[in-house]
Amino acid sequence: MPQGDKSAYTDKQKRKAEHIEDSYEERGVSKAEAEKRAWATVNKESGGGNKSGSGRGTPENKSASKRGGKKGGEASAARSAEERSASAKKAAATRKRNAEKAEH
């Protein structure tokens, strides 16, 4: 199997990588870098390509994703209500601005 061949991955793994890649691109990461990071994440969590079939493969280890979510929660909890509110308002304005750009 040549390097870069994704035939050993399940449909679920491919969908997951695509979703992660889209998320990175939304945050401004280049297409090539987003794809690399997405597949690295899938490989880390599932241990590489899994052949399909009932009872095959190993369970996914989502510790990295869980840790990332936990870090974000801790950071938010450490800030005051005013800081969180200001951040939310800024994010909403950015989303609105990006949505308007996408329409044109």
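## Burial and surface

Buried residues (under 20% relative accessible area, with a 1.4 Å probe and protein chains only) make up 14% of the 104 residues in the chain. The model is predicted: local features need pLDDT of at least 70, side-chain atom pairs count only at pLDDT 80 or more, and totals for chains, interfaces and linings use all residues. Residues are numbered from 1 along each chain as its sequence is written, and side-chain values use heavy atoms, with hydrogens and water left out.

The accessible surface of the chain is about 8200 Å², by the Shrake-Rupley method with a 1.4 Å probe. Carbon and sulfur atoms hold 50% of that surface.

## Fold and contacts

The chain has four helices and zero strands. Both are DSSP runs, numbered from the N terminus: helices are H or I with at least four residues, strands E with at least two. From the N terminus, the order is α-α-α-α.

Contact means heavy atoms within 4.5 Å. Take the contacts in the chain between residues at least 6 apart in sequence: 45% of them join residues at least 24 apart.

## H1 against H2

Two packed helices are described by the angle between their axes and the distance between the axes. Here the axes of H1 and H2 come within 8 Å and cross at roughly 135°. Axes are lines fitted to C-alpha atoms, for helices over the stretch in contact, and angles run from 0 to 180 degrees between N-to-C directions. H1 and H2 are therefore oblique to each other. Oblique covers what remains after roughly parallel (under 35 degrees), roughly antiparallel (over 145) and roughly perpendicular (65 to 115).

H1 contributes Gln13, Lys14, Lys16, Ala17, Ile20, Glu21, Tyr24 and Glu25 to the contact. Among the H2 residues that take part are Lys31, Ala34, Trp39, Val42 and Ser46. By class, the contact has seven nonpolar, three polar and eight charged residues. Nonpolar means Ala, Val, Leu, Ile, Met, Phe, Trp, Tyr, Cys and Pro; charged means Asp, Glu, Lys and Arg; the others, Gly among them, are polar.

Glutamate 21 sits in helix H1 (residues 11–26). Glutamate 21 is buried, with a relative accessible area of 10%. Beyond its neighbours within four places in sequence, glutamate 21 is in contact with Lys31, Ala34, Glu35 and Ala38.

Lysine 36 belongs to helix H2 (residues 31–46). Lysine 36 is exposed (over 50%), at a relative accessible area of 58%. Lysine 36 and alanine 17 lie 19 residues apart in sequence and 9.4 Å apart in space, C-alpha to C-alpha.
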